[in-house]
Amino acid sequence: MAKRKITFQMNSAFVTALAYIVVGVLFCIFKGSVMNWLMTALGILFIVQGVLDVVAGLRINGIVEIVIGALCIVFGWAFVTIALIVLGAVIIANGVIGLLKNRGFMSILINCLAIVFGILLIVNNWAVLDWLYYVIGALCIIDGVLMLFGKRI
C-alpha cells in the first residue's frame, strides 16, 4: 500500500513539473498575449456570474457584473496599460524614498534600478512586460526541470 502512495506522488510531481515547463514555454512564446487571454477570461467570468445573478433575481448586481465583464473584454488592454503606469509610478516613488534613506551602496543600486524600471514601465510598458514574461517563463522552466530531479527553487 505504501508503494502505491509513493508512486502516485512521483507521478503527480512529474506531471506538475511538466506543467511548469509547458507554462514557462507558453509565457516565453506568447508574452503579451497571455494578458489578453486573462482579461478575456476575466470578462467571460464576470458575464457568466452576472447572468447567473440576473437569473437568481439579483438584477442590479447581475447587470453591473455583465457591464464589468464587457468592459474587461473590450477595454482590457486599456485597464492593463493604466495599471502598468500606476505600478511604474509607485515603483519610482518607492525608489526615490529608498534613495533618500541612503542605507549603503547596495541600497542605492537597488533603488536606482527600481527607478529605472519604473520609468521604463511608464514610457514603454509593453516592452517591459514582454521582458517580464520571458523572466517568468524562464523561472517556470527552471523550476519544472529542477522538480523533475526532485529539487525546488
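The model is predicted: local features need pLDDT of at least 70, side-chain atom pairs count only at pLDDT 80 or more, and totals for chains, interfaces and linings use all residues. Residues are numbered from 1 along each chain as its sequence is written, and side-chain values use heavy atoms, with hydrogens and water left out. Helices are DSSP runs of H or I with at least four residues, numbered from the N terminus. Buried means under 20% relative accessible area, exposed means over 50%, and partly exposed lies in between (1.4 Å probe, protein chains only).

**The nonpolar core**

- In soluble globular proteins, nonpolar side chains tend to be buried together.
- A nonpolar core is a set of buried Ala, Val, Leu, Ile, Met, Phe, Trp, Tyr and Cys residues joined through side-chain atoms within 4.5 Å.
- Here the largest such core has 12 residues: F27, V34, M35, M39, C72, V80, L84, I91, L121, V128, L129 and Y133.
- Helix 2, helix 3 and helix 5 (125–148) are the elements that give two or more residues to this core.
- Helix 3 gives the most, with 4 residues.
- V80 is in contact (heavy atoms within 4.5 Å) with M35, M39 and W126, leaving aside neighbours within four places in sequence.

**The surface patch**

- A patch is made of residues with over 30% relative accessible area and no salt bridge; nonpolar side chains (Val, Leu, Ile, Met, Phe, Trp, Tyr) are joined within 5 Å, like charges within 9 Å.
- A salt bridge is a side-chain nitrogen of Lys or Arg within 4 Å of a carboxyl oxygen of Asp or Glu.
- Accessible areas come from the Shrake-Rupley method with a 1.4 Å probe; for residues, only the protein chains shown count as cover.
- One nonpolar patch covers about 940 Å² and is made by I44, V48, L52, V54, I63, V67, L71, I73, V74, F75 and F79.
- Helix 2 (33–55) and helix 3 (59–101) each supply at least two of the patch residues.
- Helix 3 has the largest share, 7 residues.
- F79 lies in helix 3. F79 counts as partly exposed because its relative accessibility is 38%.

**Aromatic pairs**

- Rings of Phe, Tyr and Trp (its six-membered ring) pair if their centres lie within 6.5 Å; planes under 30 degrees apart count as stacked, over 60 as edge-to-face and the rest as tilted.
- The structure holds 2 aromatic pairs.
- The rings of F27 and Y133 are stacked, because their centres are 5.5 Å apart and their planes are at 15°.
- F27 lies in helix 1 (residues 2–30) and Y133 in helix 5, so this pair ties together parts 106 residues apart in sequence.
- F27 is buried at 18% relative accessibility, and Y133 is buried at 5%.
- F30 and W37 form a tilted pair, 5.1 Å centre to centre with 55° between the planes.
- F30 is partly exposed at 34%, and W37 is partly exposed at 45%.

**Apart in sequence**

- M147 is in helix 5 and is buried at 12%.
- M147 and A13 are 134 residues apart along the chain, with C-alpha atoms separated by 7.1 Å.
- L87 is in helix 3 and is partly exposed at 42%.
- L87 and I122 are 35 residues apart along the chain, with C-alpha atoms separated by 8.3 Å.
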